[in-house]
Amino acid sequence: MKYKILLLFFTALLLISPAAAAVERVDNGDFSNGLAGWESGQSTSSAGGTASVSASNGVAEFVIETQGSGTSYAYIQQTVDFDYVETLTFDVRYTDRYNLNGNVFSVSLYDASTSRTLLTISGSQLTPSWQSFSVDVSSYSGDHDLRFYASYNGETGYPHSITLELTDVSALSIAAPPEI
């Protein structure tokens, strides 16, 4: 009987340990259900071009094309509870680019009163191979809109384009340890 009580005690201890309580805060971060759980938007430059975002086969794809000066962009976002989240991780790559320079991809958090850019990635930093990125979000708590934003500010007379892929967006929360 004594051993059964000890076994129950240690089993309960394992079940309430912070490591056992990890919760994924990003809905559909692997895009296995297309863009379900994500809001999306886009805008094209008045000089012409296209901007779109879609998801299939486990990746979100951003396609930005400009025909002249002006900015074209596409984004996805969702509200995420950042309580007890230490790190935001994701993988990104480009699959096509033409005449590209400047900043093309950013990750931001928005709440009711402010926006914070967490990371900006320039065209020269991107590669056709998957790259893993990790962002410290331990100073944030509560609900924030997590936004992935692909854009390009074109130059007069020069067409530009980029296709970016994003996957494995994750923000694991470790529940607060039980008070003793």
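Trp-38 is buried in this predicted model, with a relative accessibility of 8%. Its ring pairs with that of Phe-148. The two ring centres lie 6.2 Å apart and the planes meet at 65 degrees, so the geometry is edge-to-face. Trp-38 sits in the loop between β1 and β2, whereas Phe-148 belongs to strand β10 (residues 143-154). The pair therefore ties together parts of the chain that are 110 residues apart in sequence.

Phe-148 is buried, at 0% relative accessible area. Phe-148 also forms an edge-to-face pair with Phe-90. Here the centre-to-centre distance is 5.2 Å and the angle between the planes is 75 degrees. Phe-90 lies in strand β6 and Phe-148 in strand β10, a separation of 58 residues. Phe-90 is buried too, with a relative accessibility of 1%.

Aromatic pairs number 8 in the structure. Ring pairs join Phe-31, Trp-38, Phe-62, Phe-90, Phe-105, Phe-133 and Phe-148 into a cluster. A charge-over-ring arrangement was also found: Arg-147 lies over the face of Tyr-75, 4.1 Å from the ring centre.

Salt bridges were searched for across the whole structure, and 2 were found. One joins the side chains of Arg-25 and Asp-81, with an N to O distance of 3.0 Å. Arg-25 is in the loop between β1 (22-24) and β2 (39-43), and Asp-81 is in strand β5 (residues 70-81), so this bridge ties together parts 56 residues apart in sequence. Both partners are partly exposed: Arg-25 has a relative accessible area of 24%, and Asp-81 has a relative accessibility of 23%.

Arg-25 has a further partner. Its side chain makes a polar contact with the side chain of Ser-173, at 3.0 Å. Ser-173 lies in strand β11 and is buried, at 1% relative accessibility. A polar atom of the Ser-173 side chain also lies 3.0 Å from the backbone oxygen of Asp-83.

Another salt bridge connects Glu-165 and Arg-93, whose closest N and O atoms are 2.8 Å apart. This pair links distant parts of the chain, with Glu-165 in strand β11 (residues 160-174) and Arg-93 in strand β6 (residues 85-98), 72 residues apart.

Note on methods
Residues numbered from 1 in each chain as written. Predicted model: local features only at pLDDT ≥ 70, side-chain atom pairs only at ≥ 80, totals over all residues. Heavy atoms only, no water. Salt bridge = Lys/Arg side-chain N within 4 Å of Asp/Glu carboxyl O. Helix = DSSP H or I, 4+ residues; strand = E, 2+ residues; numbered from the N terminus. Buried < 20%, exposed > 50% of the residue type's maximum accessible area, 1.4 Å probe, protein only. Polar contact = N/O pair within 3.5 Å; in protein donor to acceptor, adjacent residues only side chain to side chain. Phe/Tyr/Trp six-rings, centres within 6.5 Å; stacked < 30°, edge-to-face > 60°. Lys NZ or Arg CZ within 6 Å of the ring centre and 35° of its normal.
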